[in-house]
Amino acid sequence: MKKLLCRILALLMFLSVQAMAEDPGFSNLQTYGGSGEDFAYGAFPLTNRGLVMYGYSRSDDGDLENQKIVNPNHNAWAIGTDGAGAIEWQVVMGEPGMMDDFGSAIGLGDGRYALVHEIYRDENELSEIVILDTKGNVEDTIPLPGGRIRAIAASGERFFALGWRTEDDASKSQGYTHVSYASCLDFSGKVLWEQDFAIEGYEDAYLEYMVPTEGGVIVGGNVHSEDEKRVSLLAKLNEAGEMVWTSPLEKDMGIVIERFIPTEDGGAMVLGESLFGEVPLSRAGLAIRIDADGNVLWDKKFLKGEETYLKGILPVDEGFLVAGQTDAGLGKRWPFAENCWLFMIDNEGEIIAETYISDAWPGKMEILGITKDAQGKLYLIGQALSEATGCDIAVMEIQAPK
């Protein structure tokens with residue numbers, strides 16, 4: 001009996017030490033918004049400190065109380081914070097009864113920022129680039145050709161824009177199809193070229209992710225093949241908008257691309273979801289490494305519990321830092337699972353450090369991404385849901401697992 005008690009005590013001490021070792025150092029939780037729904041599509045560092053966060057807001061109080069709100073229904077909203085997380089500037093755009101958001105944004109390398117302002121007017125989808133100066137003031141707006149622009153990239157003195165538009169198609173069960181297109185503009189707004197691009201064997205394309213790479217851009221999104229199978233696809237466009245290569249990504253019952261970032265070798269690291277199992281389908285997180293020619297070097301599935309969603313990725317010295325969520329241990333399904341899974345993988349996709357936290361955020365939450373500021377501090381970006389404040393943008397400083 002005494003030996004059994006000693007073993008139990010030893011086990012408890014071991015688990016306690018392990019729990020302390022796995023503590024990721026969550027601290028400094030801050031939320032932004034008002035009593036309505038406030039959502040961030042992403043975040044990136046300001047040039048010298050703090051973060052830029054962009055998305056939309058349905059609030060006219062709280063952090064937006066002193067802003068000129070003409071449409072409390074759905075405004076495009078971007079904020080810039082200082083190194084302590086305090087709001088330094090805000091940009092709000094919208095019109096009564098309409099829907100606006102900032103769906104994509106990039107830094108221009110000179111202290112200025114470019115945001116894609118998506119505008120929904122009378123069933124029409126319009127887009128423009130909004131240029132902000134170093135203090136968050138609107139410096140210029142550049143109309144974009146086409147319909148719904150989902151991503152932009154900058155190279156030299158040019159913008160690349162990627163999106164899709166809806167066209168009637170009686171051959172489809174829904175009566176329409178989606179056509180992807182790209183355009184290139186100089187910083188004055190002059191359109192240098194624009195073109196649709198069809199990918200042989202694939203149709204109804206939703207290409208909405210884009211990163212710059214040597215000699216052009218890599219684009220990605222979700223498409224349907226001619227037999228209506230759902231597939232995710234990456235493609236490289238050169239600086240003239242011509243297709244260099246395409247790389248369909250197929251796994252089990254399909255893939256949904258969530259994020260991807262460029263790698264130093266000219267390729268990309270892709271995060272997504274792999275569907276599997278019986279109806280209702282379960283989802284596992286998926287990471288795929290692509291080389292500069294579009295070849296798949298490896299793919300890895302990550303699953304804890306019944307469902308895992310990978311939402312953020314950053315390059316680090318050891319490989320990549322990945323942030324996601326899982327329903328493991330909760331008996332709940334997406335959305336707003338309360339578990340955060342933060343882990344490090346090497347350049348071959350093997351986990352080398354991880355942490356798993358159930359109570360990192362107050363109330364319910366959704367992880368939207370991961371970023372770091374100019375000083376190298378790491379942050380989780382998410383959406384926190386509580387009775388007191390509604391649905392707010394949430395930012396939490398973290399330390400990488402070791």
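**Reading salt bridges and cysteines**

Tutor: Take D265, which has 38% relative accessibility and is therefore classed as partly exposed. Buried means under 20% relative accessible area, exposed over 50%, and partly exposed in between (1.4 Å probe, protein chains only).

Student: What should I know about the model and its numbering?

Tutor: This is a predicted model, where local features need pLDDT of at least 70 and side-chain atom pairs count only at pLDDT 80 or more, while totals for chains, interfaces and linings use all residues. Residues are numbered from 1 along each chain as its sequence is written, and side-chain values use heavy atoms, with hydrogens and water left out.

Student: How many salt bridges does a search of the whole structure find?

Tutor: Side chains of opposite charge can pair when their charged atoms come close. A salt bridge is a side-chain nitrogen of Lys or Arg within 4 Å of a carboxyl oxygen of Asp or Glu. The whole structure has 10 of them.

Student: Which residue forms a salt bridge with D265?

Tutor: R289 does, with the closest N and O atoms 3.6 Å apart. R289 lies in strand 20 (residues 282-290) and D265 in the loop between strand 18 (255-262) and strand 19 (268-276), so the pair ties together parts 24 residues apart in sequence. Strands (E, at least two residues) are DSSP runs, numbered from the N terminus. R289 is buried, at 11%.

Student: Which residues are linked in a network of salt bridges?

Tutor: E118, R148, R150 and E208.

Student: How many disulfides are there?

Tutor: A disulfide is a pair of cysteine sulfur atoms within 2.5 Å. The count is zero. C184 is buried, at 0%, and C340 is buried, at 1%.

Technical notes:
Helix = DSSP H or I, 4+ residues; strand = E, 2+ residues; numbered from the N terminus.
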